[in-house]
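Here is a short briefing on a structure with protein chains and DNA strands. Look it over first, then read the points by topic.

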2 protein chains.
Amino acid sequence: MTVYAGQGDAHRSLALLWGAPAETRTGRSGPKPGLSVDAIVSAGIAAADAEGMAALSMRAVGERLGRTAMALYTYVPGKAELLDLMHDRALAELPAGPPPTGDWREAVTAWAGDLYDCYLRHPWVLQVSQARPVLGPAELAAMESLLRALRPAGLPPRTLRGAVAALWQFVRGLAAATADARAAAAATGVADEDWWIERSTQLAVLAPDFAERFPLLTALQSTAGGPPEESHREAFHSGLTVLLDGIASSGPPADATAVAG
Amino acid sequence: MTVYAGQGDAHRSLALLWGAPAETRTGRSGPKPGLSVDAIVSAGIAAADAEGMAALSMRAVGERLGRTAMALYTYVPGKAELLDLMHDRALAELPAGPPPTGDWREAVTAWAGDLYDCYLRHPWVLQVSQARPVLGPAELAAMESLLRALRPAGLPPRTLRGAVAALWQFVRGLAAATADARAAAAATGVADEDWWIERSTQLAVLAPDFAERFPLLTALQSTAGGPPEESHREAFHSGLTVLLDGIASSGPPADATAVAG
DNA sequence: GAGCGATACTTTACGCCATAAGGAGATGTC
DNA sequence: GACATCTCCTTATGGCGTAAAGTATCGCTC
């Protein structure tokens, strides 16, 4: 669901993301707050992790805190902003910085693996409207991490921007594919492999000319072995290798870093 | 919206996608169908193009056809399946095959550009739960096209799978970023540039230590010129170059194709 | 310490949504 | 003409996000 939040109150959203500093006015009257933005975000993440994005409602989050749905509106402008906060908080689980090894390939690989794992721990993040320019601190920190890892590669700014986009989107996309395969397996109660086989059987009936219409796809598919989960992991590594090779060939004179390392 | 369709009746969905062949039983009684799956899918696409994914309801689609929402359920099992059909129909706009030039880089670039443009023509496609293994004919045809374009690169199967995933996800991700930037600009009525400036100003207030916390990001940002739309196009090209370079370096002995071409 | 305004939270209500259930009318076969 | 079948409708159910308004609680001012 979507989670295609309206642009709504962008200012308020940003302020919440970056933790509005002097929110504590002097002279507050009224009952003390029983909740907090943090607690609400945590409850939202717990709910999304446990029940999935489709089941995430303001009522559900409120119930986890022993409140009604409307109580949340004291702390958060609306569901869209709550999702923004949840998104950034999930990304905040990423390690702060890459290990200071000299090998940028290793550093980038570690970064990609961390992001991939984080997405799979919180698959609902992938359903929050992608690439909405929310600019939360954790998201920016993750990007800074990637830039730090890539620095030794010595890319010019243009290429660097492209490489960052390609890396991020690749990880995100592969995590989404993995997560969806898992969800399908869990929802149908069918094991990954069997589900795939069933699908293929149906396809063979519906499109008997499949092999002729899609010869290359058929050929490629026949070379795949093992369950989808493993196949995704393999695609992750080989795709990442392609990306790293591309980055290496766009770097400085080709052997400067290799020799230096 | 999500479009995180339940796995629901996968069989029925697949049958619709591949155009169940002998649907016309002999001896049909009852009134003649006033609608068709095709017409409903077209209306759905028109609605999504015009009003956006958030406004896409069964009611809205029905209204475009002069019917109620419930009338659609005679033709389509539910909203999720309709979205699957819309998704595949949108991808069917892609050209059938790459031009038969010998230059695979050119062919892949053309393929990527076509997909990028298609996504931007139908931004809602990017909000349909990504990578759901729907396996519609148009989606598979697009993949076959990419494989055809990549063939001269002579990649081994493992690498090929990774490269395909990386390319597809990269294009999808960048299209999503571009589409979201456009949506933000349209929704706020603010021009791209101004919106970005405003955002930066807010950030500077909320996080005065921005430059210290994110030095590399700050440095990279300062090298960017021009409006976001152009910046995205630039990222598209430089990212694609990185990917193509990576593919080239994973291919056969490195100069076989270059010399041959 | 009385009063008052601000605050947290609730109840209620509105207008959406997808879709289950059942009925009305049209159309074909027998 | 009878009947089965099919399209399409109306109605109803149970959800959703959230606007509006009410209630209880707290802290400040006088």
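Chains A and B meet through the same surface, because 100% of the interface residues of chain A are also interface residues in chain B. Contact here means that the C-beta atoms of two residues, placed from the backbone, lie within 7 Å. This is a predicted model: local features need pLDDT of at least 70, side-chain atom pairs count only at pLDDT 80 or more, and totals for chains, interfaces and linings use all residues. Residues are numbered from 1 along each chain as its sequence is written, while chains are lettered from A and ligands numbered from 1 in the order in which they are written.

**Chain-chain contact**

- Chain A puts 67 residues into the contact, and chain B puts in 68 residues.
- On the side of chain A that touches chain B, H7(A) supplies the largest share, 21 residues.
- That side of chain A splits into 37 nonpolar, 19 polar and 11 charged residues. Nonpolar covers Ala, Val, Leu, Ile, Met, Phe, Trp, Tyr, Cys and Pro; charged covers Asp, Glu, Lys and Arg; the others, Gly among them, are polar.

**Fold of chain A**

- Chain A has 12 helices and zero strands. Helices (H or I, at least four residues) and strands (E, at least two) are DSSP runs, numbered from the N terminus.
- Of its 261 residues, 42% count as buried. Buried means 20 or more other C-beta atoms within 10 Å of the residue's own, exposed means 12 or fewer, and partly exposed lies in between; C-beta atoms are placed from the backbone.
- The buried residues of H6(A) include A:Pro137, A:Glu139 and A:Leu150.

**DNA strands**

- DNA strand D has 26 residues around it, and A:Ser57, A:Gly78, B:Gly30, B:Gly34 and B:Ala71 come nearest. A residue is near a strand or molecule if its C-beta atom, placed from the backbone, lies within 6 Å of it.
- Helix H3 (residues 58-64) of chain A gives the most to the surface near DNA strand D, three residues.
- DNA strand C is surrounded by 25 residues, the closest being A:Ser29, A:Gly30, A:Gly34, A:Ala71 and B:Ser57.
- For the surface near DNA strand C, helix H3 (residues 58-64) of chain B gives the most, with three residues.
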